[in-house]
Every structure is written in structure tokens, then in C-alpha cells.
Amino acid sequence: MANVVESKKACAVNPLKMSQPLGASFAFMGLDACMPVMHGSQGCTSFGLVLLVRHFKEAIPLQTTAMNEVTSILGGYDNIEAALVNIYKRAAPKVIAICSTGLTETKGDDVDGYIVTVRKRKPELADTEIIYVSTPDYVGGFEDGYQHAVTAIVKTLVKPLPVRADQVTLLPGSHLTPADIDELREIIEAFGLNPIVLPDISGSLDGHIPPDWRGTTIGGTTLEQIRAAGASALTIGIGEQTREAALALQEIAGTPMEVYERLTGLEVNDRLLQRLSALSGNPVPAKYRRQRSQLLDAMLDGHFYTGGIKVAIAAEPDLLLAVGSLLHEMGAELRCCISTTKSAAHALLPAEQVLLGDLEDLEQAAADCDLLVTHSHGRQAAERLHKPLLRIGFPVFDRIGNAHRRMVGYRGTMDLIFSIANLMLENMDHHHAGDWPLTPEALRAATTTSARMADVTVTAGSCSTGSCGGCAPSNPTDLAEASV
Amino acid sequence: MSVSLKAKIAEVFEEPGCDKNQGKSEKERKKGCTKQLNPGAAAGGCAFDGAKIALQPIADVAHLVHGPIACEGNSWDNRHSASSHSQIYRSGFTTDINELDVIYGGEKRLFKSIREILEKYDPPAIFVYQTCVTALVGDDIEAVCQRASEKFGKPVIPVNAPGFAGPKNLGNKLGAEALLDYVIGTVEPEFTTPYDINIIGEYNLVGELWQVKPLLDALGIRVLSCISGDGRYNEVASAHRAKVNMMVCSKSMINIATKMEQRWGIPYFEGSFYGIGDMSDTLRQIAKLLVQQGAPDDLLERTERLIEVEEARAWKRIAHYKQRLAGKRVLLITGGVKSWSVVAALQEGGMEIVGTSIKKSTKEDKEKIKEIMGDDAHMIDDMTPREMYAMLRDARADIMLSGGRSQFVALKARMPWLDINQERYYPYGGYEGMVELVKQIDRALFNPVWQQVRIAAPWGDDGETLGAVQPAAKPLDFLATAAARSLGLEPEEVPV
Ligand code: SF4
């Protein structure tokens with residue numbers, strides 16, 4: 001429904017967007033025993049690392065090929081080879097995943113070719129899988145990088161296998177949290193199906209205490225699981241950004257696919273459960289029937305606080321669609337929608353327009369809105385505008401527990417409704433006794449005859465504190481005297 | 001890389017004020033101090049990052065990053081340099097170039113961006129940062145900035161430090177060069193006093209400058225400009241009228257101090273605000289140099305009196321913790337706050353330093369550490385996370401003080417950790433700050449949570465994770481030790 005407009009500005013102010021290689025690295029965080037590497041100069045990696053650490057409050061494995069100005073011009077073969085060998089020696093990951101950056105793309109490094117050469121020259125790397133994805137910084141954004149990375153994983157590692165009727169592949173979008181993934185896994189398993197989650201950040205970034213120190217990712221989709229995805233009976237993708245990988249799976253292994261545009265909201269989850277029920281031949285478990293009815297109740301309770309509010313929201317396309325649609329279903333008006341990159345998801349958004357822009361655009365359009373919804377970088381705008389801010393997506397660096405926030409399934413939808421409604425409640429204006437003072441004329445009129453004075457005394461006396469400025473335009477001593 | 005940037009880098013490496021350089025032969029010096037990074041084993045920021053760190057605390061300026069979204073989109077709004085006035089430095093401005101800009105060059109977009117910022121925000125100046133991609137395609141930011149300055153009548157300052165030029169530290173210096181070339185000396189202060197100083201290389205992280213400034217105020221010393229914490233463009237531009245420059249211990253911007261001495265004859269000294277003794281020495285040095293430069297000499301006496309009062313008060317407040325902290329072992333992993341500046345305060349609090357990192361320390365620093373800690377000072381050159389983890393896990397240290405990156409090493413070993421680098425929340429400057437540091441250590445160490453997290457699960461599968469490659473070396477030993485400590489026993493005392 002929404003019309004997509006691109007910002008005409010030359011200068012992005014307070015960027016909403018993050019880079020492709022960061023999105024791709026994020027996807028690789030969901031593979032087990034993996035070391036993601038950015039092929040570029042070291043600052044890119046350092047910035048990405050800091051952001052991931054601040055969001056998840058976890059140690060993050062991320063490496064760089066440490067290009068400098070000379071190697072950038074000559075080409076990065078030596079650095080790639082050195083990086084692969086060094087990483088292999090230090091951390092012995094099962095997978096090394098390389099994302100290009102703006103620098104190496106501008107130069108035009110042929111990384112695919114480099115990898116072929118490294119394979120020949122360094123036989124010790126034979127047991128290590130190497131995945132490469134092209135992610136120039138100056139094209140697309142975080143979500144695009146994630147999308148291409150998942151596709152690259154599929155294309156590099158999945159082979160067709162005989163179908164297993166009880167196995168499904170779940171492709172979560174980058175907007176899902178570890179808790180979201182756990183929730184979906186639980187739902188799928190409740191039907192007696194076995195999900196392979198690709199990639200699975202719920203194993204690696206869910207904040208647990210491992211028994212030893214490891215240089216690579218800890219937990220996530222294992223190599224065996226990725227390979228086994230060729231046997232799934234169905235691919236379930238969450239968000240438009242998973243379509244590319246789902247199509248790749250279909251092409252490679254012939255797996256039928258179903259891409260859900262979101263799983264936040266009532267109707268979409270109904271659809272999912274029905275599909276799972278059909279696939280497994282099992283009825284929808286009682287647990288979810290109950291949750292559904294709880295969600296209905298939550299929607300009823302919540303709509304008082306969301307009905308009619310005007311919202312300014314800025315997020316990556318799939319997250320924008322998920323949260324925006326729910327808000328719309330709860331009666332809010334999507335007054336201003338900002339996103340980062342083009343996506344088929346925008347067409348489904350119940351808003352007039354989506355602007356591919358930045359947080360300055362959000363701030364300017366939000367003056368008459370009741371709620372801001374975006375990542376932590378929106379805090380400055382929210383402070384300046386004195387508006388409540390709902391933090392969603394990545395990065396959320398000024399809150400803890402981000403890995404455990406749930407927004408999908410009936411339960412997750414319910415959680416989100418509660419957070420929104422509570423935020424609105426918290427920011428509701430409280431009225432005070434002095435909020436509706438009489439005009440001086442009215443007071444004067446009311447105090448001119450002695451018969452009326454008694455009434456006014458009663459009104460003034462009803463203000464329990466007496467210190468409230470709003471009810472003191474007349475002289476209390478006079479009134480007190482008058483009432484005697 | 002442009003010829004001018006190459007020349008700049010060479011010049012920065014020639015730095016006479018750097019004592020590492022003084023120890024080198026002519027030939028070695030030419031090579032510069034940036035060693036080649038190790039691909040696949042490197043960490044840390046790029047030169048652009050360094051330049052931005054150095055200059056962004058100039059708070060009333062718009063900082064515009066010329067490059068693809070990676071450089072600014074992934075990094076803005078991530079540091080705690082506090083400002084008492086403008087907030088515009090906290091906004092992220094970037095040209096966010098696209099494919100067409102890569103092919104045809106991004107200079108037009110840059111020029112337009114400058115105009116947009118001036119029209120919308122009207123800052124006293126704009127700093128334009130070069131990055132890898134725009135440098136590689138050959139965008140001439142110097143030329144664009146010059147044209148924009150002429151056209152709009154506002155200073156537009158090019159900061160030529162693309163990420164691939166080298167590491168963060170080099171970027172600090174290149175950022176400083178931009179100030180020397182385009183900013184310092186371009187504005188005259190409204191008035192001057194015999195007590196005017198500049199502070200260089202101080203970033204006012206979490207407001208640390210404000211822990212120190214009251215001391216200077218009390219003595220009548222005026223901070224003409226701080227470069228760059230809580231900075232204002234016009235103050236920095238008039239910094240050349242100060243009587244004395246203080247270079248804050250980290251040598252990130254030493255080139256400003258040495259060049260200002262050459263150009264305007266302003267003497268400088270290096271001091272530190274971290275550590276009680278260091279703080280006092282710093283005050284003394286400032287007073288001494290100011291008097292040498294013509295300030296009335298009662299300043300010396302007033303300074304001594306202030307030091308006496310402040311030191312006594314600080315030691316008294318630290319001593320308060322002595323009993324609780326006696327014998328606690330501290331592992332100090334830092335390059336930021338000088339590794340030895342805080343050691344005295346920790347020792348005064350009764351703590352033992354089991355190791356201090358010297359990765360970024362100079363020869364002098366190392367001697368100083370020996371002086372304070374004795375010959376058996378445990379200096380750590382480069383410790384891998386795994387070694388740190390093992391050291392904490394085996395309880396050879398009770399707490400680790402480090403930067404945020406290694407925090408999880410301690411936390412996963414279920415050991416207390418305190419941030420003493422740039423992302424810290426608590427200010428550790430001056431006398432106030434050292435007391436705060438000891439207080440924070442105390443708070444971290446005695447948090448009852450440590451006992452809680454070390455309790456083993458009754459069913460014995462504590463710590464098991466999904467698909468860990470290697471099991472713990474001796475998980476059971478570790479748990480027994482942890483459990484013993486949580487009961488207040490030594491491991492040997494545990495009845496089996
Ligand atoms: S290394 Fe280059 S491209 Fe990467 S963040 Fe630094 S300046 Fe930007």
C-alpha cells in the first residue's frame with residue numbers, strides 16, 4: 001500500500017542505516033564454530049564489533065583482513081590468505097565466512113578467485129568451510145547484507161537429499177531476536193516437526209555462560225544441520241529478506257517454500273499454525289489455542305492506549321512491516337515511516353508513504369506524534385521532542401536483555417502490545433488539582449458579592465496541598481476573611 | 001593515498017616529542033611506528049576512527065563523514081565525551097555515498113552536504129572526515145572544503161585520515177594536524193590573562209575534565225581551550241594565545257604541543273590527571289611554568305596549599321576502604337589510563353597488582369612501573385583472552401580492570417570486572433576520581449552476585465553449552481573451587 005520515496009538529501013543526518021558487511025557478519029554469527037571476517041580495512045570490523053557487543057553484551061568473534069593503503073591498491077590476495085591461515089591457527093573454526101567491504105569492492109578484489117587459489121596453496125585449510133559474500137558498503141544496508149549472507153550459506157553448503165517429511169527449514173530474518181527464534185522452534189516442535197534454523201543466533205548470542213573460552217562463535221547452526229537442510233519438506237521464511245535464500249533452497253533441493261511477511265500479529269500466526277498442522281497432520285496444540293485467546297484479551301486491554309495515537313517509526317523494512325502493521329491493527333496511525341533500503345515489504349505496509357531516509361527525517365516529522373519507534377539512536381530525538389521512545393531492532397545499546405525480547409508468535413505479539421501500552425501509560429499526562437484554573441474575570445465575578453464568596457472558599461479549600469499555583473489567582477486571605 | 005597525506009604521515013612519524021622515536025636510528029625513524037597489522041588477528045579501530053575520537057569532542061562543530069554508510073552508520077553515538085554546551089557533535093552526519101558516487105566521485109555530494117548542514121544547523125564550523133572508499137576513488141576533500149569555506153564564509157576543515165592509512169593512534173595525530181593546519185591561530189581571544197593554559201589530549205570522558213577544572217578555577221588558572229574535551233571551535237582556534245600547554249599523558253596529540261612550541265613559543269609539559277601523585281605533579285608543573293611565563297609567583301604557594309589539603313582528603317577517603325580491600329588481587333589490562341598512574345591508589349587501598357599490561361607503554365613507563373611495584377612487577381606484554389580467562393578462572397586474580405572489549409573474559413569466568421577505558425560510566429579524574437575508582441572496585445568485588453553465580457547446579461550439568469568445540473579443561477575442579485570460595489573456604493578445605 002505504501003508509496004516508497006527516496007530522500008533527496010545529499011547528507012544523511014543521524015543515520016538509521018547500518019552497513020551490508022555488518023548485516024552479513026550478523027548472519028554468520030548464527031553459525032556454530034564460525035569466524036566471520038570482513039575483507040577490508042580494520043576500522044570497519046572494529047565499529048561492527050563494538051556495535052554487536054553493545055547490543056548483545058556478549059563477546060563477539062569478528063575478524064578483519066586488515067587491508068592498508070598499499071594492499072588495497074595492489075589487491076588483497078595476500079591478506080586473505082594470511083587471515084585464513086591465522087584464523088585457522090588461532091581458533092580452528094569449522095567455518096570461515098568472508099564479507100567484502102566498500103574498500104575491497106571499489107578496488108574490485110576477486111575474492112572467489114582468491115579462495116580457489118588459497119585452497120590450492122594451503123592444504124591445511126581443507127577441512128575448513130569458507131563462505132564468501134559480496135557486500136559493498138555503498139549499496140543497500142544491514143538487512144541486504146544479512147539476506148545475501150544467508151543465501152551464500154545455502155549456495156555454498158546445501159546439497160539435495162532425500163526428503164524427510166518431518167523436517168522443516170526455518171529462515172529467520174535479521175529482525176528476529178534469539179528469543180524469537182526459540183519461540184518459533186518451540187512452536188514447530190509442538191507439531192512433532194524438526195526445525196533446522198538457519199542461521200540460528202539463539203545458540204550463539206543468547207547470553208549464556210560457556211564452560212571454556214573460545215575464539216569462535218559458540219552455538220548456532222552446525223555444519224551438519226546446514227547440510228541436512230537439503231532434506232527438509234518445507235522452508236519457512238520470516239520476512240521478505242529470507243525469500244532469496246528460500247528460493248535458493250528451492251532451486252538446489254526442490255524444497256517447497258512459504259515466506260511469512262511477518263509473525264507479529266494475530267492473523268499471520270493463525271496462518272502459520274494452520275500450515276504446520278497441515279504439514280504434520282497434527283492438530284494445533286491446546287497450548288497455542290490458549291495463548292491465542294490470551295492474545296485476544298491483551299489486544300482488547302491494549303487498544304485503549306494505542307487507539308488513535310500517531311506514531312513515527314523508523315526501522316529496516318521487515319521490522320517496520322511487523323511492528324507497523326501491529327500498531328495499525330491496534331488502532332494507531334502510522335504518521336511517519338522511515339526505512340533504510342528498498343524491499344517488497346514496503347508495499348504491504350498500511351501507511352501512505354515510506355521514506356528511505358534517516359533519523360533527522362523522523363525527528364522532523366514526529367513533532368505531532370505521540371510515540372517514536374526506532375533503535376537506540378532515536379534517543380536523542382526523543383529527548384529533544386520529549387516523546388516516549390519504543391526501542392526496537394538493532395542496535396539497542398542502552399537497554400539490557402535484548403536477546404530475550406520476544407515479538408513473534410501469539411506470546412511475542414502479546415509482549416509487544418504490553419510494552420507499547422505500558423510505555424503510553426507511563427507517559428500519560430497526569431492531571432493536577434490546579435490544571436483548570438478559573439479566569440481572573442470569572443474569579444472577580446465570583447467574588448464581587450458576599451453571597452458568592454462562600455462558594456469560592458469551598459472550591460479553594462478543596463485543593464488539598466494549597467501549594468498548587470493553579471488555584472491561587474485570588475487572594476486566599478481575603479477569602480478566608482470573607483468566609484468568617 | 002594523496003601525496004600530501006603521505007607527507008603528513010611521514011611528518012607525524014618524525015615527531016621529535018615522541019621518546020620512542022628518539023631512541024631510534026634515522027633509518028628506523030623513517031619507517032614510522034605503525035607496524036603492519038596481522039590479517040585475521042588484528043583488532044582496533046582505523047585512522048578515521050582515531051581522527052574522529054580526537055576531534056569529535058569539539059562540541060559545537062558538525063562532524064561530517066564522507067564515505068559509505070559503514071564508517072558513520074556503524075559508529076555514531078558511541079562515546080561518552082561530555083559537553084556543557086552544544087550537543088550538535090552528537091549528531092551523525094554522513095554523505096552515505098552510493099554506487100554512482102563510487103564511479104563518478106563523491107565531491108558534488110560532499111559539497112551539497114556541507115551546504116545542507118550550514119543551512120539547517122548553522123554551526124560555527126564543519127569538520128569533514130575522509131574515509132577509505134572516497135580516498136581510493138580520489139575525492140579531493142581539501143579542495144572541496146576550501147571551495148565551501150570561500151563560498152559560505154564559514155570554516156570547513158578537511159580531516160584527511162582515511163581508515164587504511166593506519167591504526168587509531170595515527171588517526172589521532174592526523175586529526176591533530178588538521179587543527180594545526182586549519183584551526184589553531186585563526187581567531188584572537190577576547191582577552192588574555194597570565195594564567196591561560198591549554199589542555200591537549202583530554203577528551204572529558206564521562207565528565208572527567210570537570211573533576212579537575214574546579215582545582216584550576218580555585219587557583220585562578222583559566223583553561224583557554226581544552227583540545228578537545230568539551231571544546232568550542234572558537235576556543236580551539238584561539239589556543240595559540242595560551243601561556244602553557246599541558247599534554248595529557250596519552251601522547252595521542254603530541255604534535256599539537258610540539259608545533260605550538262615551535263610556532264608560538266608556548267612551553268609544554270606532559271602530565272596526567274589519573275592518580276593522586278600525578279594529579280599533584282600536574283598542578284605543580286602548571287603553576288611552575290605559568291610563573292616562568294610571567295604569572296605572579298604567589299601561585300606556587302597557593303598551589304602547594306591546595307595540593308596538601310586535597311591529597312590529605314583523598315588518602316583519607318581511600319584509607320576508608322583499606323580493610324575491605326586488603327590483599328585483593330587486581331589484574332590491570334589497559335593501554336588507556338596509564339598503567340602505572342592508578343597503581344599507587346590501588347596499593348594505598350591495600351590491593352595487590354598481580355599483573356599490569358604494558359602493551360602500549362613506553363620504556364619510561366616500564367621503569368616507572370618497576371619503581372612503584374618493585375622488580376618483580378608482573379608486566380604483561382600481550383595476553384590472549386584465553387590466558388586472561390584462565391588466570392581469572394583459577395582465581396589468581398580477584399578482579400580485572402580493563403576496557404570493554406575484554407569484559408566478557410572476566411564475566412564468563414564469573415569474576416568481577418571494572419571498565420577503566422573509554423566506555424566507562426564513572427569518571428576517574430583527579431583526586432575525586434581516584435577515590436571513585438577505589439569505591440567502584442569495592443562495589444564490584446563485594447557484590448553478592450558473585451556468590452550466586454558460582455553456585456553449581458544441583459544436577460551437575462552447569463556450564464554445558466550447545467556444541468562447544470572443546471570441553472573445559474577441568475570443569476569439575478573449577479566448579480569445586482568456585483563452590484568452595486562461595487562458602488568462604490579455600491579449595492583445599494573442602495571436605496570430600
Ligand atoms: S576502515 Fe575505512 S571504510 Fe572502514 S570504517 Fe574506517 S574509514 Fe571507514
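This is a short chat about a predicted model, its ligand and its chains.

Reader: Where does the ligand lie?
Author: The ligand lies between chains A and B. Residues are numbered from 1 along each chain as its sequence is written, and chains are lettered from A and ligands numbered from 1 in the order in which they are written.

Reader: And which residues surround it?
Author: Counting residues with a heavy atom within 4 Å of the ligand, the surroundings include Ser41(A), Gly43(A), Cys44(A) and Phe47(A), together with Cys46(B), Phe48(B), Cys71(B), Thr131(B), Cys132(B) and Gly163(B).

Reader: Which helix gives the largest share of that shell?
Author: That is helix α2 of chain A, residues 42-56, with three residues; helices here are DSSP runs of H or I with at least four residues, and strands are E runs of at least two.

Reader: How many of the shell residues are nonpolar, polar or charged?
Author: Six are nonpolar, four are polar and none is charged, where Cys and Phe count as nonpolar and Gly as polar.

Reader: Switching to chain B, how many helices and strands are there?
Author: Chain B has 23 helices and 13 strands, and of its 496 residues 57% are buried, meaning under 20% relative accessible area with a 1.4 Å probe, protein chains only.

Reader: What about confidence in chain A?
Author: The mean pLDDT, the predictor's confidence in each residue from 0 to 100, is 90 for chain A, with 92% of its residues at 70 or more. Over residues 451-484 of chain A, however, the pLDDT is below 50, and this stretch has 19 contacts in the model beyond near neighbours in sequence, a contact being heavy atoms within 4.5 Å. In this predicted model, local features need pLDDT of at least 70, side-chain atom pairs count only at pLDDT 80 or more, and totals for chains, interfaces and linings use all residues, while side-chain values use heavy atoms, leaving out hydrogens and water.

Methods. Buried < 20%, exposed > 50% of the residue type's maximum accessible area, 1.4 Å probe, protein only.
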